[in-house]
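The exercises below are meant to be worked with the sequence and the 3D structure side by side. Try each task before reading its solution.

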Amino acid sequence: MSDHEIRAFKMQLKPGVVPEYKKRHDELWPDLAEALRGAGIFDYSIFLDESTLSLFAVLKLKPGYPIDELPTLPVMRRWWDYMAPLMEVEPDNKPRQWDLPSVFHFAG
């Protein structure tokens, strides 16, 4: 039994925004960081495929935390609005996400 869950997904940047996307994440709001921790996220990485501008995100979650409530928090909604000009988004400014199923895992 694992002590955490791993989720992976893909998002898509718009052309010409990589430096700004990185800058905004380097300056992550403290209240957003707290909301992520409160949702059970204890490890979160986003990688960039520079040739396609695809973002590949991997996050690790503690069990029993309210991750599903994260999209309802005002700080999350503000972050989506702030990031919307840089990425492909849904009508509510949530980043478009494509879940990525696990096909291999090595833990040695």
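A nonpolar core is a set of buried Ala, Val, Leu, Ile, Met, Phe, Trp, Tyr and Cys residues joined through side-chain atoms within 4.5 Å, where buried stands for under 20% relative accessible area. The model to which this is applied here is a predicted one.

**Exercise 1. Describe the overall fold of the protein.**

Step 1: Counting the elements gives three helices and four strands, and reading along the sequence gives the pattern β-α-α-β-β-α-β.
Step 2: The radius of gyration is 14 Å, close to the 13 Å that the globule rule gives for 108 residues, so the protein is as compact as a globular protein of that length.
Step 3: Among contacts between residues at least 6 apart in sequence, 68% join residues at least 24 apart, while 30% of the 108 residues count as buried.

**Exercise 2. Find the largest nonpolar core and state which elements supply it.**

Step 1: The largest nonpolar core holds 24 residues, and those with the most contacts inside it are M11, L13, Y21, I41, L70 and M87.
Step 2: At least two residues of this core come from each of β1 (5-12), α2 (30-38), β3 (54-61) and α3 (74-83), with α3 giving the largest share, five residues.
Step 3: Take L70 as an example: leaving aside residues up to four places away in sequence, L70 touches A35, L36, A39, I41 and M76.

**Exercise 3. Work out how the buried residues of α2 are arranged, and what covers them.**

Step 1: The buried residues in α2 are L32, A33, A35 and L36.
Step 2: Viewed down the axis of α2, these buried residues fall within an arc of 160 degrees, so they line one face of the helix.
Step 3: Their cover includes β2 (41-49) and α3.
Step 4: After α2 comes G40, whose phi is positive, near 95 degrees.

**Exercise 4. Examine the charged pairs, beginning with the one inside α2.**

Step 1: Side chains of opposite charge can pair when their charged atoms come close.
Step 2: E34 and R37 both lie in α2, three residues apart, about one turn of the helix, and their side chains meet in a salt bridge at 3.3 Å, N to O.
Step 3: E34 is partly exposed at 47% relative accessibility, and R37 is likewise partly exposed at 47%.

Notes. Residues numbered from 1 in each chain as written. Predicted model: local features only at pLDDT ≥ 70, side-chain atom pairs only at ≥ 80, totals over all residues. Heavy atoms only, no water. Buried < 20%, exposed > 50% of the residue type's maximum accessible area, 1.4 Å probe, protein only. Contact = heavy atoms within 4.5 Å. Arc of directions from axis to C-beta. Rg over C-alpha atoms; globule rule 2.2 N^0.38 Å. Salt bridge = Lys/Arg side-chain N within 4 Å of Asp/Glu carboxyl O.
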